Amino acid sequence: FAESHLKLQDLSAIAVSQGPGSYTGLRIGVSAAKGLCYALSIPLIAVDTLEILARKINISNGIILPMIDARRLEVYSAFFDSNYAKIRETKAEIIDENSFQEETEILHLIGDGAMKFKEILTGEKFKYYPEMQFPSATEMSLITFQKFQNKQFEDVAYFEPFYLKDFVLITKK
């Protein structure tokens with residue numbers, strides 16, 4: 001704010017990544033965003049984390065397959081077409097050498113989850129983008145602006161992040 005010469009009161013809305021992703025990261029980010037929205041009486045805008053990640057690349061053919069590392073051999077993923085429309089729902093899935101073999105189109109794999117499986121998912125149809133591993137506010141800004149223009153706001157009191165999986169606490173033995 002100091003660098004941009006803005007004050008909190010200059011904000012018209014606050015955008016937050018809605019998930020899926022890290023339980024703790026989502027919880028903290030959404031809590032901070034909701035607190036600021038309440039205090040400033042401004043709307044909250046939520047954006048799908050996988051869509052943000054998908055928008056890091058432009059393709060003319062095939063399917064964009066953003067993947068977020070969900071630990072072990074699991075990822076959070078979805079399919080997006082070249083216009084960033086979601087064409088397969090978000091899933092938490094365990095990846096092995098048989099994953100996505102039924103797909104006939106080129107799969108553009110992006111994200112830190114994709115890079116975990118570069119040695120497992122091989123073949124001409126798998127295209128990797130190792131320099132693009134994490135969602136960015138740059139890609140989030142256009143989605144956010146469109147949602148702001150269309151007044152697609154969340155209910156600040158009841159909005160919850162999209163965790164996809166239940167939080168499970170594992171303790172060391």
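Guide: Start with Phe148, in helix H4, residues 137-149. Keep in mind that this is a predicted model.

Visitor: Why is Phe148 called partly exposed?

Guide: Its relative accessibility is 28%. Buried means under 20%, and exposed means over 50%. The value 28% lies in between, so Phe148 counts as partly exposed.

Visitor: Which residues is Phe148 in contact with, leaving aside neighbours within four places in sequence?

Guide: Ser12, Ala13, Ile45 and Phe153. Contact here needs heavy atoms within 4.5 Å. As for Tyr23, its C-alpha atom is separated from that of Phe148 by 26 Å. Along the chain, these two are 125 residues apart.

Visitor: What makes strands E4 and E5 a pair?

Guide: Pairing takes at least two bridges. Six bridges join E4 to E5, so the two strands pair. They run antiparallel. Phe80, for one, has Lys86 in E5 as its bridge partner.

Visitor: Why is E5 (86-94) called an edge strand?

Guide: The open sheet has five strands, in the order E5-E4-E3-E6-E7, with mixed pairing. Strand E5 pairs on one side only, and so does strand E7 (126-128). Neighbouring strands are turned by 25° against each other on average, direction ignored.

Visitor: Which residues touch the most other members of the largest nonpolar core?

Guide: Ile57, Ile64, Phe80 and Ile110, out of 15 residues. Helix H2 (49-54) and strands E3 (63-69) and E4 (74-80) each give two or more residues to this core. A second, separate core has 14 residues, including Ile63 and Phe126.

Terms used: Residues are numbered from 1 along each chain as its sequence is written. This is a predicted model: local features need pLDDT of at least 70, side-chain atom pairs count only at pLDDT 80 or more; totals for chains, interfaces and linings use all residues. Side-chain values use heavy atoms; hydrogens and water are left out. A nonpolar core is a set of buried Ala, Val, Leu, Ile, Met, Phe, Trp, Tyr and Cys residues joined through side-chain atoms within 4.5 Å. Buried means under 20% relative accessible area, exposed over 50%, partly exposed in between (1.4 Å probe, protein chains only). Helices (H or I, at least four residues) and strands (E, at least two) are DSSP runs, numbered from the N terminus. Axes are lines fitted to C-alpha atoms, for helices over the stretch in contact, and angles run from 0 to 180 degrees between N-to-C directions.
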